[in-house]
Amino acid sequence: SRAAPVTSTLCIMTPTERDHRIKALAERSSYIENVLCHALVADLSSLVWKRDPFAALQVFNSEVDDSGFDIVLGLGTQIRYVQLKQAHEDKTPPHCSVRLSFSNLPGSCVVLMSHTLTDLRLTKFRFFGGAPNEPMSNIEAMRQPKAPGRRNAAGERKVRTNYREVPVRQFQGPLSATELLDVLFPVTHDA
């Protein structure tokens, strides 16, 4: 059943409507992440235009999701390999799973996008990474996550040895879109 539309433009949801949207987020996660990625690129592109109408945010998509990043963003000589994570604004995850090999890429970072549950509007961001063109801080010593749903013969969840759980409390933020752009691509003042 696809019922349970929002009953008000004031974004007041009944518990049933909220549960319906939470279920849709889980069942349509790839779609949601794609919509949010496009919204993020649009927001950042608008802010780059505002900064300098002759500058262009370069956007490259990853064809295969095996390297740990979702998109590559470039501005001038600065490059960012970006892993995108999403969460509705009522719930921030305690950690994000990050691939070890990804963490060593120059400009690698994780952007956690918070959005409204009613209309997927981006509201705030959290950032984990280093300076542009430099790898993020070492995550090797962080806890190894367990694979969701995957279990060995004894029924134990398998450990994802090539990933680490980065606590969200170590992320910068919450940030506005402008603050996120400034962290991703700091303005350099060349003499």
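This note covers the aromatic pairs and the arginine–ring contacts in a predicted model.

1. Pair count. Two rings pair if their centres lie within 6.5 Å. By this rule the model holds 2 aromatic pairs. Such a pair is described by the distance of the centres and the angle of the planes.

2. Phenylalanine 69 and tyrosine 81. The ring centres of phenylalanine 69 and tyrosine 81 are 5.0 Å apart. Their planes stand at 65 degrees, so the pair is edge-to-face; the cut-off for that class is over 60. Phenylalanine 69 sits in the loop between β1 (58-61) and β2 (71-75). Tyrosine 81 belongs to strand β3 (residues 78-88). The pair therefore ties together parts that are 12 residues apart in sequence.

3. Phenylalanine 69 has a relative accessible area of 12% and is buried. Tyrosine 81, at 22% relative accessibility, counts as partly exposed. The limit for buried is under 20%.

4. Phenylalanine 128 and phenylalanine 171. Here the ring centres are 5.5 Å apart. The planes of phenylalanine 128 and phenylalanine 171 are at 35 degrees, so this pair is tilted. Phenylalanine 128 is in strand β6 (residues 122-129). Phenylalanine 171 is in the loop between β9 (163-167) and β10 (172-175). The pair links distant parts of the chain, 43 residues apart. Both phenylalanine 128 and phenylalanine 171 are buried.

5. Arginines over rings. Arginine 28 lies over the face of tyrosine 31, 4.3 Å from the ring centre. Arginine 160 lies over the face of tyrosine 163, at 3.8 Å from the ring centre.

Notes:
Residues numbered from 1 in each chain as written. Predicted model: local features only at pLDDT ≥ 70, side-chain atom pairs only at ≥ 80, totals over all residues. Heavy atoms only, no water. Phe/Tyr/Trp six-rings, centres within 6.5 Å; stacked < 30°, edge-to-face > 60°. Helix = DSSP H or I, 4+ residues; strand = E, 2+ residues; numbered from the N terminus. Buried < 20%, exposed > 50% of the residue type's maximum accessible area, 1.4 Å probe, protein only. Lys NZ or Arg CZ within 6 Å of the ring centre and 35° of its normal.
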